[in-house]
Amino acid sequence: MALYQQQELKIYNSLSGEKEVFTPINEGAIGMYVCGPTVYSNVHLGNCRTFISFDLVFRYLKHLGYKVRYVRNITDAGHLENDADSGEDRIAKKARLEQIEPMEVVQRYTVDFHNILQKFNNLPPSIEPTATGHIVEQIEIIKDILEKGYAYEANGSVYFDVLKFNESHDYGKLSGRKLEDMIPNTRELTAQSDKKNPQDFALWKKAEPQHIMRWPSPWSDGFPGWHLECTVMSSKYLGEEFDIHGGGMDLKFPHHECEIAQGEAATGKTPVNYWMHANMLTLNGKKMAKSTGNNILPNEIFTGDNPNLEKGFAPTVARFFMLQANYRSILDFSNEALVASEKGFQRLMDAYHSLENIQTSEKSDLDIAEWRQKCYDAMNDDFNSPILIAQLFEAVKQINILKEGKAKITAEDLELLKKTMSDFIFEVLGLVDTTEAADNDFSNKLSGTVDLLIKLRAEARANKDFATSDKIRDELAGMGIQLKDGKDGTSFTIE
């Protein structure tokens, strides 16, 4: 029996506003789509939190034994400066300011995005499609929506007709907004606008003469609307109906609302069963903003090169900090919080390593199976990582009691404790054992130092300086490092 068949997972569904028992469309297989970055600048910490949250989801689903197809897109065209379908394309604007090609901007910041997530130990998605790689499919779905009467063409652009759609569907059901409430609060259309109504959104935009990024279409040389790419790529790789769609809370409206409308208009089906939204990250209790200086980039955490930090922190410590809050909660980032997380992380690693030295007995005073299920119960409750971490620290307390000889444990229970700790610390939470990395680093440096001394000793012997040669050999021997001369050179062993 697969592990997922033994556990009842509940997910908070933004569509219903409730935790629901998770039942995939296809037994044992899950389709999950997460909105990726618009690659016109370095990935910021709030983005990282979102992607770490969904990496946790991906990891746990895989741990349960599901076959997961995880699709996360790269937006490399069509994302304008505001949600009113006006302004310049963000990537084209960056390219113009730096006087480089738009695809140079895309390449630079896509590489940065991948590098940062790799440092945070995120698993790569199964598929990472781009908007520009799916222009043909976007044009085809626009044709389909036009044919079904939910869109209209105006002066070379195509817009989704929200009022028409709402006559037979519920536009606003994800965000909880009613269209009749939106209308009075919407700005009046300018004389230059081609929209029938302010609520309508672009499926295709005719490119102005100065617009760099453009493609031919039946309506004009232009570019697709930002919302359209996710509808196209999710349906292409996961089907017209799939299990999970994730993203930041800021995308719920209008982006995800528009995705639902486009999917239902094109196929007549509700595209997603479970909508998940990760909450925002603040810094020192305030919203992050470059303009105020209340901002920090991921690399600045690692180096400590930021006025908000007293020193640098390992990426896994920052990841551990972020996972100490539920993904749906606002999380405040501060130097003090990172320092506390670093201490907690070290306590966790020390306890895990000390399991190797625990003496076993014929009986157990601890119910490891019950504790193990509590770890699963935490993750089954909408991926509640802070409760899981609390359970891991309960294990730390028990490990310390075992080390002091105040409790007994059987060999079988000790193995279950080790495996469960390993599964949840490394496989599910995705933390990295920096103690082991530090040991490897020290070992490499020690090896390099001894090799240098062997080289200096060889030079001394060649110069008939046997006193120096013997001193190097004897001093190393006193440290437990034995040199062995052979026909292929000198090697060493550590006793």
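**View 1. Arg-72, a buried residue at 3% relative accessibility, in a salt bridge with Glu-128.** In this predicted model, local features need pLDDT of at least 70 and side-chain atom pairs count only at pLDDT 80 or more, whereas totals for chains, interfaces and linings use all residues. Residues are numbered from 1 along each chain as its sequence is written, and side-chain values use heavy atoms, with hydrogens and water left out. Arg-72 counts as buried, a word used here for under 20% relative accessible area, with exposed meaning over 50% and partly exposed in between (1.4 Å probe, protein chains only).

**View 2. The salt bridge between Lys-173 and Glu-264.** The side chains of Lys-173 and Glu-264 meet at 2.6 Å, N to O. Because Lys-173 lies in the loop between helix H5 (162-166) and helix H6 (179-182) while Glu-264 belongs to helix H8 (residues 252-267), the pair ties together parts that are 91 residues apart in sequence. Lys-173 is partly exposed at 26% relative accessibility, whereas Glu-264 is buried, with a relative accessible area of 6%.

**View 3. Further salt bridges, from the 25 that the structure holds.** Lys-148 and Asp-144 meet through their side chains in a salt bridge of 3.6 Å, N to O; Lys-148 counts as partly exposed at 41% relative accessibility, and Asp-144 counts as partly exposed at 27%. Elsewhere, salt bridges link Asp-55, Arg-59 and Arg-319 in a network.

**View 4. An open sheet of four strands in the order E5-E6-E7-E8.** The pairing in this sheet is antiparallel, and two strands are taken to pair if DSSP finds at least two bridges between them. Strand E5 (151-154) and strand E8 (222-224) stand at the edges with a single partner strand each, so one side of each is left without a neighbour in the sheet. Neighbouring strands are turned by 20 degrees against each other on average, direction ignored, the axes being lines fitted to C-alpha atoms, for helices over the stretch in contact, with angles that run from 0 to 180 degrees between N-to-C directions. Strand E6 (residues 157-160) and strand E7 (residues 201-206) pair over three bridges in the antiparallel sense, and Val-158 stands opposite Trp-204 in E7.

**View 5. Asn-13 in strand E1 (residues 10-13).** Asn-13 counts as buried at 2% relative accessibility. Although Asn-13 and Ile-244 are 231 residues apart in sequence, they are 9.3 Å apart in space, C-alpha to C-alpha.

Conventions: Helices (H or I, at least four residues) and strands (E, at least two) are DSSP runs, numbered from the N terminus. A salt bridge is a side-chain nitrogen of Lys or Arg within 4 Å of a carboxyl oxygen of Asp or Glu.
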